[in-house]
There are 2 protein chains.
Amino acid sequence: MKVSIIGTGITRFGELWDKSLLDLAFEAGEEALRESGLKKEHVDALFVANMLAIKFDTQAHLGAAVAQNLKLSCPAYHVEAACASGGLAINLARESIISGRNKNVLVVGVEKMTDVPTPDAVAGLMGAASEEERDSGLTFPGLYALMAKAYFSKFKSNERDLAYSSVKNHFHGSLNKNAQFQNLITFDQVLSSTKIADPLKLLDCSPITDGAAAVVLSSQLTKNAPFISASQVATDSLNLAQRDTLFEIKASQKAAKNAFAEAGIEAKDLDLAEVHDCFSIAEIMAMEDLGFSQKGEGAKLIKSTQTTLGGKMPVNTSGGLKACGHPVGATGVKQVVEVARQLRGRAGNRQVEGAKIGLTHNVGGTGATVVVHIIQN
Amino acid sequence: MKVSIIGTGITRFGELWDKSLLDLAFEAGEEALRESGLKKEHVDALFVANMLAIKFDTQAHLGAAVAQNLKLSCPAYHVEAACASGGLAINLARESIISGRNKNVLVVGVEKMTDVPTPDAVAGLMGAASEEERDSGLTFPGLYALMAKAYFSKFKSNERDLAYSSVKNHFHGSLNKNAQFQNLITFDQVLSSTKIADPLKLLDCSPITDGAAAVVLSSQLTKNAPFISASQVATDSLNLAQRDTLFEIKASQKAAKNAFAEAGIEAKDLDLAEVHDCFSIAEIMAMEDLGFSQKGEGAKLIKSTQTTLGGKMPVNTSGGLKACGHPVGATGVKQVVEVARQLRGRAGNRQVEGAKIGLTHNVGGTGATVVVHIIQN
């Protein structure tokens, strides 16, 4: 069965101190519903993706909370897998259509992260990691720094190789009016930015962000509505220490392999991709894990400008997590919104001409959960 | 398609200070897998139900965390709907089998609530309610007290009518070695216990509890494995203030009606039920909303001993939330474990003779989410 994307919605991403968690969810949800043309009584289920509302905002039961705000009376679910919550919610929403239970499902991803002090946000995010990693005093920049060090050691590369990703993604963000950062940055600015966790510097890291994104999935085939031809979830150990290698994310490899098989396509068939660049090293590993480049050549691919808008296969035209921002529960949904709008030719000044097939890659934590979607016209 | 319950697992419920959240999830998950006879590589997905781990334990990403502990490498999901998290996880797990994606799915519900001070636990639980209700200083006993007052006003009843439920459930709990409270209590003890939120007294309220429960669902039909013939989720407004009536839970009525239709049975066909007695008034409303008694006669039904073990249709043979305990993410799964074991004739000294059809009723918050399952031999 084909599951179409008949509506998309997204808020501005950034430090949105004048909007609450539920305001953001409402705004994105309403836009997606409006675009779908569905009446609210025809929405059969709501899936909400969020990681931290119960911690930062004392709001659990988010399915019911968002349903009430949107005046929906359908069954409502809240799904969480850290930064992969959005991808996971879309996976389950699609499954509920394939099972025959639902015809039309709204998925809303939302996160409100800037209302708590930054140290609290950083500590809360460590919920995506393991107890041992928290107790060791590690942070997410620290965890990805360990992966970057392992990558450097394996492939004889260095921090100069990391910098291309952020430069590209800020360029893409400069074309996206919803992006948190719309300023251009240079290679030298990345390299000279403040060290966060060696070798990662400030401009290697995605920010803390408020925002929401939404899609309406449907069993009805609508003209011009792209469909999700594959949705795959893969897992790995939560602890980095339990993995054989740190220079790759094996769950990305597995989810991508299964997704290409499900859709019956290959990496070379893709016109664009939104990948999980929570840190620059993550985008480089994604290039390799998803089969876009050979092992150790992810940075070279990015440097070649083939993944820049106008190149052979643009990556993160939204600006990615780095420039568009990373409201963790919203990110996986935002990726699907971006690809769906590209496939419908509605991406404005960052349109990938003739885009027909796109991929999204959403990572939870350091890769304990990975969700890959393939979306086609 | 028939989805069978081929394995069940449950921990002791109570104040388990020597066990962590992940210890409990492991213990219940391992027992369910052992009972199913499945090898771990044949588990296609894991669903974890939990409400508060990110708040009380800084652990999000619970799908991956529990998967790692159980040495499962399948896709893993975390689902939440406050106290209905367990029911919701079983609903989605079953859906993922019906869609054809999975053959065998493990569902683990878990909550660790006694490691934080009680006022923090009470405040955290208010995440199941709305912001307005939190800001009004309401607690869950307060919210259900409002419902009890409305019920008294509508049906000319009083606090004496509430007391039968807890007496019965403690009797059932006395037969359950996993129950948090295994002591018998009397009608007079309930009435003379400390006032919590008028008219609710201490012995009208379910406790704060640690515990886990697990089931293995499967598309394979196994001899003696009961199957889930209906799974329905219904929602209502999160705010009590937005409801027309407070003496009933309309989402319970809707979920039950849809479940009876899906299973093709009526309330009178049931041999037993596990209902959501977070407060005594909740069990009374459940009797009416689920169609076990006429409106206003729920207390009379309980008083008649028809819902006591040995009666026509025992309710809460596990001891219910009141005596067995209420680890919120585990409760909806525990209900299904209890009914499945009853249907397999494995409930020991609290066996309902000849039980063939059972119902579970799991409520999130004050009824913004309700999940009803029907389970048959």
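Copies are superposed by least squares on the C-alpha atoms of residues with pLDDT of at least 70 in both. This is a predicted model: local features need pLDDT of at least 70, side-chain atom pairs count only at pLDDT 80 or more, and totals for chains, interfaces and linings use all residues. Residues are numbered from 1 along each chain as its sequence is written, chains are lettered from A in written order, and side-chain values use heavy atoms, without hydrogens or water.

Q: What makes the relation of chain B to chain A that of a two-fold axis?
A: A rotation of 180° with 0.0 Å of shift along its axis superposes chain B on chain A, at RMSD 0.0 Å. That is a two-fold relation. Ser99(B) comes closest to the axis among chain B residues, at 1.8 Å (C-alpha).

Q: How do you know that the copies meet through the same surface?
A: Contact means heavy atoms within 4.5 Å. Of the interface residues of chain B, 100% are also interface residues in chain A, so the surface is the same.

Q: Why is H4(B) called oblique to H14(B)?
A: Helix H4 (residues 85-98) and helix H14 (residues 328-343) of chain B pack at about 60°, with axes 5 Å apart. Under 35 degrees is roughly parallel, over 145 roughly antiparallel, 65 to 115 roughly perpendicular, and the rest oblique. H4(B) is therefore oblique to H14(B). Ile90(B) of H4(B) and Val333(B) of H14(B) are among the contact residues.

Q: Why is H4(A) called mostly covered?
A: Buried means under 20% relative accessible area (1.4 Å probe, protein chains only). In H4(A), 13 of 14 residues are buried.

How values were computed. Buried < 20%, exposed > 50% of the residue type's maximum accessible area, 1.4 Å probe, protein only. Helix = DSSP H or I, 4+ residues; strand = E, 2+ residues; numbered from the N terminus. Axes fitted to C-alpha atoms, helices over the stretch in contact; angles between N-to-C directions.
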